[in-house]
Amino acid sequence: MGIREFPNGSARGKAASLGMRRSPDVSPRRLSDISPQLRQLKYLVVDEAIKEDLKWSRSVEDLTSASVGLTSIEERILRITGYYGYQPWAASCKRDERSRESPAPAEAQMQAGAEGSGRVNRCCWKCSVTQLKKFFWGVAVVLGVCSSWSGSTQLAKLTFKKFDAPFTLTWFATNWNFLFFPLYYLGHVFKSAEKQSPKQRYRECCRFFGDNGLTLKVFFTKAAPFGVLWTLTNYLYLHAIKKINTTDVSVLFCCNKAFVFLLSWIVLRDRFMGVRIVAAIFAIAGIVMMTYADGFHSHSVIGIALVVGSASMSALYKVLFKLLLGSAKFGEAALFLSVLAVFNVLFITCIPVILYFTKVEYWSSFNVIPWGNLCGFSVLLLTFNILLNFGIAITYPTLISLGIVLSVPVNAVVDHYTSEIVFNSVRVIAIIIIGLGFLLLLLPEEWDVWVIKLLTRLKVRKKEEIPEGNGDIASGLPNKTRRTRPSMSSFAH
């Protein structure tokens, strides 16, 4: 069935049918062994009317199409003639069973696509929720950094009216750094699944200083220099508050970001970025304009020099830390800051005593000391340092840096109502230039690549919109030609 013979080929048809019934046990070694059967195959034609009924037989498809995927014509012919024990219907039945057991490829692709899209949507939802949480935490950290930094600056200014001892205030506030590691350990106990004893955690964090831990040699070579830089940074900043207003002090201290970039470029061989060079130029120009704002008086020049020195010490502290110690984890950073407090108690305590007896920083009695202001300043400064060092765990570092810039307008508003500051055009321009330079320094290293990608996407979208508009205009032309063709043909007839 399914094979139609030509009128002159009855014998050939019978021979072909005998050839098709040949037992698979008698398998030829060469293709020439079945050459008579091959010559008879050219008289066989598959009826078009019965193709739909015989789709299960792969032999019919082999006769009419090359969709089987065979590598040679000889193999196709041998499969058609039944040699090598090939049974096409058995294979087709197996395929049918497999197709019944497994879903159709289109359905499987649709299911896989639906599952994939569901997973992508879940991941996108989780990412968006995580980013929102991080952003809201960042807003809270920014407000905390801004309020603690501006609050400590204003409280220090208020303290010096009753207690004129900036170095003693620096020493007193630095001693509070000892609380860093205990506070970190409390957070470790509440959040970590594997809880460790304070001694175990201390030993693990001591690996930051080397294989031998925190030895006496390491203490003097790696901790002591940073203790000196820490004390100088805070002392110069507080001493500058005595000379000039807090607005100028806070805005000039923002130049430490530019100094960090310049020192990192020179010492650490960091990547050169033209935008950051421009930001450094802005910072220097702002310093000069700030000096010119009040005229070149002795107090203003000394105060500006003290703030620039404080910013330089802060930049040197950060660059040397990266050069000598590298990057530190949260526990290691907490231990390091606590070690600085130990160094302050052991080796810096003698300096306030000397200043007291030499009457450089003198107070009549301990009852005169405003302990509330001292403790409040120390708590605010400790909060600022905690947010600055550990806020990275819950938000972006850029948002934390924004809190320092936002403290400038806060101090400006307070100074406007509490002091006789004059916001002339030179001072305002200087504040704007330094703030702009600080914001430029917050740009990531790959910001130019992101801008190029954004501009490229915008250009591609514009190019896609233009062809779509042209396509809509041109889509009506074929319809008009199709409508006119019948009329032309009928007119010709």
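Predicted model: local features only at pLDDT ≥ 70, side-chain atom pairs only at ≥ 80, totals over all residues.
Residues are numbered from 1 along each chain as its sequence is written, and side-chain values use heavy atoms, with hydrogens and water left out.

**Whole chain**

- The chain has 21 helices and two strands (DSSP runs numbered from the N terminus: helices are H or I, at least four residues; strands are E, at least two).
- Take the contacts (heavy atoms within 4.5 Å) between residues at least 6 apart in sequence: 81% of them join residues at least 24 apart.

**Asn411**

- Helix 18 (residues 397–418) holds Asn411.
- Asn411 counts as buried because its relative accessibility is 0%.
- Beyond residues up to four places away in sequence, Asn411 touches Ser150, Thr153, Gln154, Thr246, Thr247 and Ser250.
- The side chains of Asn411 and Ser250 form a polar contact of 3.4 Å (a pair of N or O atoms within 3.5 Å; within protein, one must be able to donate a hydrogen and the other to accept it, and residues adjacent in sequence count only if both atoms are side-chain atoms).
- Asp248 lies 163 residues from Asn411 along the chain, yet their C-alpha atoms are separated by 9.0 Å.

**Helix 8 and helix 15**

- The axes of helix 8 (residues 180–191) and helix 15 (residues 330–348) come within 7 Å and cross at roughly 155 degrees (lines fitted to C-alpha atoms over the stretch in contact; angles run from 0 to 180 degrees between N-to-C directions).
- The two helices are therefore roughly antiparallel (over 145 degrees).
- Helix 8 contributes Phe180, Phe181, Pro182 and Tyr184, while helix 15 contributes Phe330, Gly331, Ala334, Leu335, Leu337 and Ser338.
- This contact has eight nonpolar, two polar and no charged residues (nonpolar: Ala, Val, Leu, Ile, Met, Phe, Trp, Tyr, Cys and Pro; charged: Asp, Glu, Lys and Arg; polar: the others, Gly among them).

**Tyr317**

- Tyr317 sits in helix 14 (residues 298–324).
- Tyr317 counts as buried because its relative accessibility is 13%.
- Apart from neighbours within four places in sequence, Tyr317 contacts Phe226, Leu229, Trp230, Phe336, Leu337 and Leu340.
- Tyr317 and Leu229 are 88 residues apart in sequence but 6.1 Å apart in space, C-alpha to C-alpha.

Terms used:
Buried < 20%, exposed > 50% of the residue type's maximum accessible area, 1.4 Å probe, protein only. Parallel < 35°, antiparallel > 145°, perpendicular 65-115°, else oblique.
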